[in-house]
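Please read these notes beside the model. They are meant for someone who has not looked at it before.

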Amino acid sequence: CLFTFLCPRSRESAEGGRVIVEVDDKVAKVRNIKVDSRLDGTWDSREKTVAFSFDYCYWSVDPEDPKYASQEMVFQDLGTSVLSGAFRGYNICLFAYGQTGSGKTYTMMGTPVSHTIHFTLRGLFSRKDDYSDQTASCRVKVSFLEIYNERVRDLLKQSDRKKPYTLRVREHPETGPYVQGLTQRLVTDYKQVVELLEEGIAKRITAATHIHNASSRSHAIFTIHYTQAILENNLPSEIASKINLVDLAGSERADPSYCRDRITEGANINKSLVTLGIVISTLAQNSQMFSSCQSINTITSEGENSHVDSPSVGSISGTRRPAYIPYRDSILTWLLKDSLGGNSKTIMIATISPASSSYNETMSTLRYASNAKNIINKPRVNEDANVKLIRELREEIDRLKTMLMSFELRNSSPSWSDDRDGNLTELVLQNEMKVCMIYLML
């Protein structure tokens with residue numbers, strides 16, 4: 001799911017810069033200033049306006065504008081899908097990408113009454129309060145980390161900045177990458193989470209740049225672990241979801257006038273963002289190749305009946321292998337491995353500046369987001385394996401019983417029907433025995 005969000009405050013616009021971005025429903029149009037600035041551009045083959053289509057586009061430049069989109073409106077579109085996915089047991093990732101000063105942190109972690117995390121937590125705890133009966137309950141844990149100079153720092157743990165960062169990223173064969181020793185705080189109400197969030201934000205490393213007075217110099221990941229305990233098929237079961245809310249550091253060009261620390265920070269920020277771009281591009285390429293192979297295989301299978309010498313499915317699908325995805329080239333992409341092409345429902349917010357002085361950065365961000373639209377994730381419900389198996393076996397038993405009844409009603413060709421009924425009855429009994437065995441093991 002892709003969202004384009006124009007920053008509510010633009011330093012360039014305040015200084016008299018031209019607005020070169022227009023929003024038309026779900027399309028963001030950018031005026032090509034390289035062509036538009038020419039006196040006579042009739043000979044130039046490039047388009048004067050470049051259009052990018054997304055799932056949603058928001059105009060948040062001028063609050064007096066009738067098309068102005070508030071944070072509440074943004075949440076109504078993206079926050080409800082985040083909450084519904086979490087309640088059903090899916091992993092969710094929501095991350096904001098864009099240049100420095102374009103409104104990423106404002107959107108994700110801005111004022112306490114208007115940022116995305118605020119609305120998400122409000123929705124989670126309102127659902128938690130609804131668990132009044134004894135058949136269901138929920139548990140909420142949070143963690144907060146930042147990635148600074150390719151090292152992980154725990155923002156919910158008291159530590160000295162002068163000491164080296166010691167947290168390491170590991171990878172579990174089933175649950176995927178995680179940070180060893182990262183603090184997870186159990187919270188019972190919204191107020192506790194806000195206090196932890198403000199505590200972590202205060203510890204984030206920021207610095208003044210030419211574009212922003214308090215630019216984030218690190219990537220931040222606020223994770224909500226939401227676990228629901230329910231009673232299903234008279235068995236206790238748990239559905240767990242992980243919500244990653246990611247505030248990426250802004251991309252920017254290196255400036256020789258910066259001190260050495262600023263240049264090092266910028267180099268590491270750009271390195272992780274470039275790696276993220278490579279990962280997104282490779283995933284999009286693999287997804288397109290997979291879709292192409294599927295369509296070719298469908299056409300081939302349909303044509304096999306009419307063409308004897310038609311190529312086989314394996315020969316076509318095996319002509320190209322999926323490209324290698326360099327998740328481990330950056331700490332950021334390694335931690336977001338599940339969110340990028342894995343077990344997660346992922347939403348990307350692309351924040352841009354509408355000013356002409358930010359034309360190159362705006363075009364880069366929109367191309368980045370447009371490429372991400374092609375990624376195909378594989379989300380699944382994180383539920384108890386035994387309960388899932390019992391449910392699937394019971395569904396199979398019901399399906400076989402329905403088939404058995406239909407054969408009995410037909411009552412045609414008795415000898416064949418008896419054999420068929422016997423096989424179906426045997427399958428039903430086998431599945432019922434499996435269900436009983438699972439109950440005994442629990």
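1. A pocket, as the word is used here, is an open set of grid points where a 1.4 Å probe fits, with protein on both sides within 12 Å along at least five of seven lines; its lining residues have an atom within 4 Å of a point. The model is a predicted one.

2. The largest pocket has a volume of about 1,200 Å³. Its lining is made up of 42 residues, and those nearest the centre are Asn91, Thr175, His225, Lys242 and Asp338. Two or more lining residues come from each of strand 7 (136-148), strand 10 (176-180), strand 14 (219-232), strand 15 (235-247) and helix 11 (385-410).

3. Strand 2 runs antiparallel to strand 3 (residues 27-31), and four bridges join them.

4. Is Asn268 buried or exposed? Its relative accessible area is 19%, and the cut-off for buried is under 20%, so Asn268 counts as buried. Asn268 sits in helix 7, residues 260-303. Leaving aside residues up to four places away in sequence, Asn268 touches Asn149 and Glu150. With Asn149 there is also a polar contact of 3.1 Å between the two side chains.

5. Arg122 belongs to helix 5, residues 116-129. Its relative accessibility is 46%, so Arg122 counts as partly exposed; that class lies between the cut-offs of 20% and 50%. Arg122 and Lys191 are 69 residues apart in sequence, and their C-alpha atoms are 9.9 Å apart in space.

6. The buried residues of helix 10 are Tyr359, Thr362, Met363, Thr365, Leu366, Tyr368, Ala369 and Ala372. As background to that list, an α-helix has 3.6 residues a turn, so residues three or four places apart point the same way.

Notes:
Residues numbered from 1 in each chain as written. Predicted model: local features only at pLDDT ≥ 70, side-chain atom pairs only at ≥ 80, totals over all residues. Heavy atoms only, no water. Pairing = 2+ DSSP bridges. Buried < 20%, exposed > 50% of the residue type's maximum accessible area, 1.4 Å probe, protein only. Polar contact = N/O pair within 3.5 Å; in protein donor to acceptor, adjacent residues only side chain to side chain. Contact = heavy atoms within 4.5 Å. 1 Å grid on protein atoms, 1.4 Å probe; cavity = no way out; pocket = protein on both sides within 12 Å on 5 of 7 lines; lining within 4 Å. Points joined across faces, edges and corners; volume = space filled by probe spheres on them.
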